[in-house]
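Please read the points below with the sequence and the model open side by side. They are set out as a colleague's note, for checking one after another.

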Amino acid sequence: MAKWWRSLRTAIQSPQQPLSPPQPFQSSRYHTIQAIPREVVGSRVSAREREQGRIPAVVFSQSLLDINPSNRYTSRKRLLTTEKKQILAILKSVEIPFFCSTTFPLQIRAGTGSSVLLESGTVLPIKIHRDEKTGKILNLVFAWADEGTEMKVDVPVVFKGEENCPGLKKGGHLKMMRSTLKYLCPAEHIPQKIEVDISNLDIEDGLFMRDIEVHSSLKLLSKNENMPVCKIVATNLDTPESAALNLESSEPAEKQPVECL
């Protein structure tokens, strides 16, 4: 890492223009993550970085996480430091459930405030490590998401059409079985979220993974496309027992994610 940084820090490059996101709700056009190289590692060094308002980070190819060792390669692994204020501003703007399904331009500069651009590209956040007690961000993990790269992404599911749903108008309630769906996506076609329309569902109607319409380049990573995503369930409050049962079933099986996986 030190050799790589020293060999590049004298090279001045023009900043690359970020690619236009495929979805109108992608925020990468508004946020370019700024980072500097991190040559020294260790818990004490990382703690000192956090005290100074910075967050340690790493970016690498997502293939490093592959179960099959033969599919892993370590090219372009970079140890970085990011600015805490910028990361918190991005999280506030994008909202945490959608942070890990949003791509961002990344610029690696020679130092804080430096005009020397060492490297740039597009990245996808894949993990936020937090302190278990305080909830403060300890470090960030990104994966390179340049155009043409295939990425495995847990895309948040957002339901719409509740105001027109016949089943809800009759007193039923929405039972959510999935808060995310995992897809293999070209980096340029990663959806920030998947909107599931329930406006035509009556009581006892539901939607399955096979029913969800997405871009043709996305591949659902599920062995069973017949798994349910949601269902409109009848509400019966005639007895205390049934009321308790319906109250329990009204809670989603998987709550909306609040952290990147």
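**Notes on the model**

1. The charged end of Arg76 sits over the ring of Trp144, 3.6 Å from its centre, and Arg210 lies over the face of Phe208, at 4.6 Å from the ring centre. A charge sits over a ring here if NZ of Lys or CZ of Arg is within 6 Å of the ring centre and within 35 degrees of the ring normal.

2. On the basis of these values, this is a predicted model, in which local features need pLDDT of at least 70 and side-chain atom pairs count only at pLDDT 80 or more, while totals for chains, interfaces and linings use all residues. Residues are numbered from 1 along each chain as its sequence is written, and side-chain values use heavy atoms, with hydrogens and water left out.

3. Six strands close into a barrel in the order 1-3-2-6-5-4, with mixed pairing; strands are DSSP runs of E with at least two residues, helices are runs of H or I with at least four, both numbered from the N terminus, and two strands pair if DSSP finds at least two bridges between them. Neighbouring strands of this sheet are turned by 45 degrees against each other on average, direction ignored, where axes are lines fitted to C-alpha atoms (for helices over the stretch in contact) and angles run from 0 to 180 degrees between N-to-C directions.

4. Strand 9 pairs with strand 7 (residues 150-160) in the antiparallel sense over seven bridges, Val155 having Leu181 of strand 9 as its bridge partner. Strand 9 also pairs in the antiparallel sense with strand 12 (residues 219-220), over two bridges, and there Leu184 has Lys219 as its partner. Five of the seven residues of strand 9 are buried (buried means under 20% relative accessible area, exposed over 50%, partly exposed in between, with a 1.4 Å probe and protein chains only).

5. Lys193 lies in the loop between strand 9 (180-186) and strand 10 (194-197), and counts as partly exposed because its relative accessibility is 22%. The C-alpha atoms of Lys193 and Asp154 are separated by 9.3 Å, although the two residues are 39 apart along the chain.
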